[in-house]
Number of protein chains: 2
Amino acid sequence: MNRLEKVDDDILPDAPLEAAGIEIIIDTVVDRNGRRLRCAGGEEIRFERLVVATGSIPMLPPIRGLDKGGVFTVIKEISALRTLKQAAEQANDIVVIGGGYVGVEFADELLAKGKRVTIIDRLDHLLPQALDAEFSAFIEAAITDRGGELRLGTSVTDIEGGDHVEAVLLDNGQRLHCDLVIMAVGFKPNHSIGAKLGIEVSPGHGIKVDEYMRTSSPGIFAVGDCAEQHNCYTGENWPIMLASTAMAQGRLAGSNLYSIKVVKTFQGVLGTFSSKIGGTAVGVSGLTEAQAQRMGLDYVVGRARVPDRHPGTLDDASTIEIKLLFSRFCHTLLGGQIKGGDSVGEMANILAVMIQNEMTDMEIDTLQIGTHPLLTSSPVVYPIISATVDAISNWFGND
Amino acid sequence: MNRLEKVDDDILPDAPLEAAGIEIIIDTVVDRNGRRLRCAGGEEIRFERLVVATGSIPMLPPIRGLDKGGVFTVIKEISALRTLKQAAEQANDIVVIGGGYVGVEFADELLAKGKRVTIIDRLDHLLPQALDAEFSAFIEAAITDRGGELRLGTSVTDIEGGDHVEAVLLDNGQRLHCDLVIMAVGFKPNHSIGAKLGIEVSPGHGIKVDEYMRTSSPGIFAVGDCAEQHNCYTGENWPIMLASTAMAQGRLAGSNLYSIKVVKTFQGVLGTFSSKIGGTAVGVSGLTEAQAQRMGLDYVVGRARVPDRHPGTLDDASTIEIKLLFSRFCHTLLGGQIKGGDSVGEMANILAVMIQNEMTDMEIDTLQIGTHPLLTSSPVVYPIISATVDAISNWFGND
């Protein structure tokens, strides 16, 4: 199995940081006085520049009985994850509340361990924030094909049992027996430190930052999940919480701590992510069709369905399904969704690079890419180009 | 084995062309009279627009004995490939003359069939046109680790034997016993039709075309290997013969047959290709360091060596080695080489998209990409970004 056995196997070691001359202090900030932080442990830390990277914390929906034993949130902290893993190993019937990436990936791991797993989401599809319905369907099939259960379009009202969970009650009156519940309804910025530092916070959205991740107080930056994120197309709040986005912000803040060396050319958050459930990989970059509609962006869709090796009869070939959105009048790529084999992870990044370069349909049409039978789709039907050609043809009234 | 069993398994069927209303005529053009072609079969074909796509033919070095039985060139034609495959299956000791992609990929397939294989190239490394020496070394290891032999920096002067090949004689006096020789020293444009059509040809380089693949005669286009190719950085002749490049040219000519609908923004040939030898994939886009030196381009190098999954202890993780070249003064990406697992195929295409958008180090540094443990490198060390950060640091005197 291509899986880790222990939570500890996933620890990023401190050694490279320490080797780079970084001192690690574990403490809690109490308040700030100018360029000094006072900590709960009594220590005072002076700084020239301060970067806040306090991440996010789990959201909790209004469900009765959340305090029962066997009900877990997903806390990104080693001892909490060890406890959750141990409890999951002893459980048999597991309910996952929330069908986003965290819920779906937990379900995937638990199915692989032979558990009975049910995912409950109040919306009608898995990954509703990330995928259009026809792409959600691939993930739903990857869960149900392996014995997972889905309860979509319904909410949990009560967690029932004595000290320990015994069942969850749905708003449609159904009752599901279970001995473990994983709450994965989303995360919110962990921005409580904002008040202690005296920097502006957009409540519920994160620490206010400009395009260079600078907060309202000179010399103080905020990056990643704790910072307020804005969509790159409309500027609206965009609660994307991705390690890769956080890394881009961290590099930007790090480069520009003392002066703006790296001028930011792509404004706002794009959102690029991939996942693998069972044998099915999905990748997304930019806007889905549902998001474009909600935001009022006019668009044209292009699609392709091709093998990712050539010929497609090779043993490890998978079928790529791809859907691209282009601005109807600017002709720039707005977003894309891909499903297929493992190469989908890097294909999502090709879309990300294209969007950040504001590439048009015509530029993609004449793109010089490389292909190889054992590594990519055929040059005749390279998926991103094929879907672009489909979009071009749809512009002229064929859709 | 992830291989095709029969040559016929690799045929691209005619049906989709016929379904699109395309008539296929197999004949030889004798000459042209205005917008009429006269064919050897006696047929006269009228055209409004003519697209020449006659491809390439094998080059032959000055070796004595090329006419012996058991000596094959690689002809991209089904009956020739069937004959070669049958002969190879019956052979035991096979010499491949030429260490480019065709030679190396033939050797890879033959090793997988349990043959004894020796590759001979007059240059000191395999894939000398495509890779810098340190990346050639990965391919050389992938051949020798599986029992293949290399004779580099030497040439064959004679093919010896009676009617059938029995040995090849090298210019260092060495004699290698063999019962099959595959000539893979390269291809040249098949442009003999140019004279029949009365269009300009650059002898040895191909049919002369402009940026829109238009030949010297109005209404006649040439695309792919038969057309003269120019390097995108210097405009010099650039004998790249890739299906993916040919497809880009075919789409461009097809879109613009009657008027220029798709304005070409990226001038000249980039060159993006990938290959997989044994379990090792390599991908290249743009210039190698050796090419940049020869062309006189000033550059800075960045490198990274990271796993392509995270953590790198996952079962299917491979080590990615990446080398990027940036223009020292323009800061644009000039080229990149990658070695690793199968995702290298699409990572080469990420580089291709970056180069065609003339992306700078700083734009790549702040790129928003997506990552997933089972599909990509860690967001902390995403290879293209890590190598870019290395290049930025090298700019400041650390190289």
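In strand 9 of chain A, A:E149 stands opposite A:T118. Strands, like helices, are DSSP runs numbered from the N terminus (strands: E, at least two residues; helices: H or I, at least four). The model is predicted; local features need pLDDT of at least 70, side-chain atom pairs count only at pLDDT 80 or more, and totals for chains, interfaces and linings use all residues. Residues are numbered from 1 along each chain as its sequence is written, while chains are lettered from A and ligands numbered from 1 in the order in which they are written.

Strand 8 (residues 116-121) and strand 9 (residues 149-152) of chain A run parallel and are joined by 4 bridges. Pairing of two strands requires at least two bridges between them, as found by DSSP. Between strand 8 and strand 9 of chain A, the chain passes through helix 4 (residues 133-144) of chain A. This β-α-β crossover is right-handed. The term applies if, with the strands pointing away from the viewer, the path from the first strand over the helix to the second runs clockwise.

Chain B holds an open sheet of 3 strands, in the order 10-11-12, with antiparallel pairing. Strand 10 (156-161) and strand 12 (175-177) of chain B each have a single partner strand and stand at the edges, so one side of each is left without a neighbour in the sheet. On average, neighbouring strands of this sheet are turned by 25 degrees against each other, direction ignored. Axes here are lines fitted to C-alpha atoms, for helices over the stretch in contact, and angles run from 0 to 180 degrees between N-to-C directions. Strand 10 of chain B pairs with strand 11 (residues 165-170) of chain B over 5 bridges, in the antiparallel sense. Within this pair, B:L169 of strand 11 of chain B has B:D158 opposite.

Chain A is divided into domain 1 (1-47), domain 2 (58-186), domain 3 (191-262) and domain 4 (272-398). The bounds come from an automatic or database domain assignment. The centres of domain 1 and domain 3 of chain A, taken over C-alpha atoms, are separated by 19 Å. Each of these two domains of chain A gives 5 residues to the contact. Residues are in contact if their C-beta atoms, placed from the backbone, lie within 7 Å. The side of domain 1 of chain A that touches domain 3 of chain A has 2 nonpolar, no polar and 3 charged residues. Ala, Val, Leu, Ile, Met, Phe, Trp, Tyr, Cys and Pro count as nonpolar; Asp, Glu, Lys and Arg as charged; the others, Gly among them, as polar.

The two chains also meet. In this contact, 60 residues of chain B face 60 residues of chain A. Helix 8 of chain B supplies the largest share of the side of chain B that touches chain A, with 11 residues. This side of chain B has 27 nonpolar, 22 polar and 11 charged residues. The same surface serves both copies, and 100% of the contact residues of chain B recur in chain A.

Some backbone details remain. Most residues other than glycine have a negative phi, and most peptide bonds are trans. B:L127 is not a glycine, yet has a positive phi of about 50 degrees. A cis peptide bond joins A:H310 and A:P311, with omega about 0 degrees.
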